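Let's take a walk through this protein chain, starting with one of its sheets and then turning to some backbone details. Keep the structure open as you read.

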Amino acid sequence: MVYVMSVKIIHVVIVLYLLIGIETISVQIQATPSEGILGQTSLQLRCNYTTVTGEYVTGLDLQAKINGQFKNIATFYTPNVPLNATLTTNGNYLSNRVTLTNPTDSFTNCASMQFSKINCEDETEYMCQVAYAGSGGSTNADSGVANIIVKGNPEQPDSVPSYVPSHGIEEGNNVVFTCTGNVGKPEGKFRWVRYRRYSDGVTIQETPYESETTTGTVMPGTCTFNGTSSLTLKMEEADNNAVVRCQVVYQGVPQELYKQTEPINVYYSVRNVQVTQDSTNPTFSEGAGPITLTCASDGNPTVTDYTWHKESNISVSLGTGPTYVINNVVVNETDNYLCVAQNSFNGQIFNMNNSKHIQIDFTTTTSTTIPTTMIETTSTNHKTSSTEKEKDSLTVVNSMLIAVVVVLTVLQLAEMTGLYILHKKGIVQFKIGKKETLYADVKSDNTQVHVYSTMNRAEDSGNSNYYNEIH
């Protein structure tokens, strides 16, 4: 029973196949590669088909989706028809940049379109349609759909990044940098990098800025994007001599496509003023050789204006230039020596100063360093010794004076005592006035006369203190 039903079903299927007909031709389309690069490139579209005995291909069309509809852009012929493949009216946009090749085999073969140049309009969907005849009559068979993706390589930025303000930039200014150029298709972007550098070009610091947005618009006549990006930086002292780079990033990969500014000149006021001396000595002795002081600073423009002063008399200029020499090394030149450094830009003047203390002491007879406590003790002992010596000297002088007075007094008393004794013995008599009194001399008459005349001379001279000289 079951066997009979199975036979009946098979017969029904055979009858249906005979009535409807069976499509046995196979058609495929392939783009190799599937991505085309704008410009000179190589891309091929291939329409492959396979037939069986009893069926033969009468024609083949390559279709492209234009304005939302599939339209024939090229027609190919089989070996049975001795005609060259041609572009249709809808495919005229491909003129001079594609090569068409007919199938060469009636059973398993392909028609192809070889691109020599890719344009933006080549990005679309493609399909092959094969016309063939078989036991069921003439019919068509369609392939699936193949896509061509058109890419556009990015290019160098149009120019070096522009920036505003473009000159007279000061520390603290906000500067806006702008970069434009072809960022490719699909749309790429710009990244920014700041390179802080020494004046000789050696990089100190590299700072990328990845999050700055890039606005893209499709460039006329092409499907690539023209990008524009901006970066705002607040300039600092360290940005003097820096360069700012605008670099293309395409499909997430930084490209060797960039342009950068020339070194940027950033003005900043004078700072870091330092005064140094040519010797490490903490102090100098009177009469020492010249002392050279040097002033250094930082600033842009470079500082060349230096003025020297003593801190005790700031109104008087000692000299100008980065160095000052103290030639007169004496004690009263001890002072704080002040260096004033100055620069100017954009109509403004800036200055800063620093100083160095120079200590000049009296010349010493020995170069041996004596501890302070020893110096103080020695000085105290020296003062004590000097005082004692002065006292001793005064004592000696006083003693000598007293001795002289005593001697003179003794001599005077002795002479007076002697005269008194002579007078008592009647040897000498004193005479006051010019009385003709003779006094006796027990030994000699001459003595009497001599004493008399001597006393008279004393009286005549008016000196009552005179006493008679004893001969």
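In this predicted model, look for the open sheet built from 4 strands, which run in the order β13-β14-β18-β17 with antiparallel pairing. Its edges are β13 and β17 (214-218), each of which pairs on one side only. Going from one strand to the next, the twist averages 20 degrees. As a reminder, strands of a sheet pair through backbone hydrogen bonds, and they do so in either a parallel or an antiparallel way.

β13 and β14 are joined in the antiparallel sense over 3 bridges. Which residue does Y163 have as its bridge partner in β14? That would be F177.

Stay in this area for a moment and follow the backbone out of β13. The loop between β13 (162-164) and β14 (174-184) holds P165, and the peptide bond that leads from V164 to P165 is cis, with omega near 0 degrees.

Next, some phi angles. Most residues other than glycine have a negative phi. N67 is not a glycine, yet its phi is positive, at about 55 degrees. You'll find N67 in the loop between β4 (56-66) and β5 (69-76). Is N67 buried or exposed? Its relative accessibility is 75%, so N67 counts as exposed, the cut-off for that being over 50%.

N346 also has a positive phi without being a glycine, with a value near 50 degrees. Look for N346 in the loop between β27 (335-345) and β28 (348-361). Here the relative accessibility is 43%, so N346 counts as partly exposed.

Finally, step back to the whole chain. How many helices and strands does the protein chain have? There are 3 helices and 28 strands. Of the 471 residues, 32% are buried. The chain exposes about 28400 Å², and carbon and sulfur atoms supply 54% of that area. As for how the chain contacts itself, take the contacts between residues at least 6 apart in sequence: 59% of them join residues at least 24 apart.

Notes:
Residues numbered from 1 in each chain as written. Predicted model: local features only at pLDDT ≥ 70, side-chain atom pairs only at ≥ 80, totals over all residues. Heavy atoms only, no water. Helix = DSSP H or I, 4+ residues; strand = E, 2+ residues; numbered from the N terminus. Buried < 20%, exposed > 50% of the residue type's maximum accessible area, 1.4 Å probe, protein only. Contact = heavy atoms within 4.5 Å. Areas by Shrake-Rupley, 256 points an atom, 1.4 Å probe, with all protein chains shown as cover. Pairing = 2+ DSSP bridges. Axes fitted to C-alpha atoms, helices over the stretch in contact; angles between N-to-C directions.
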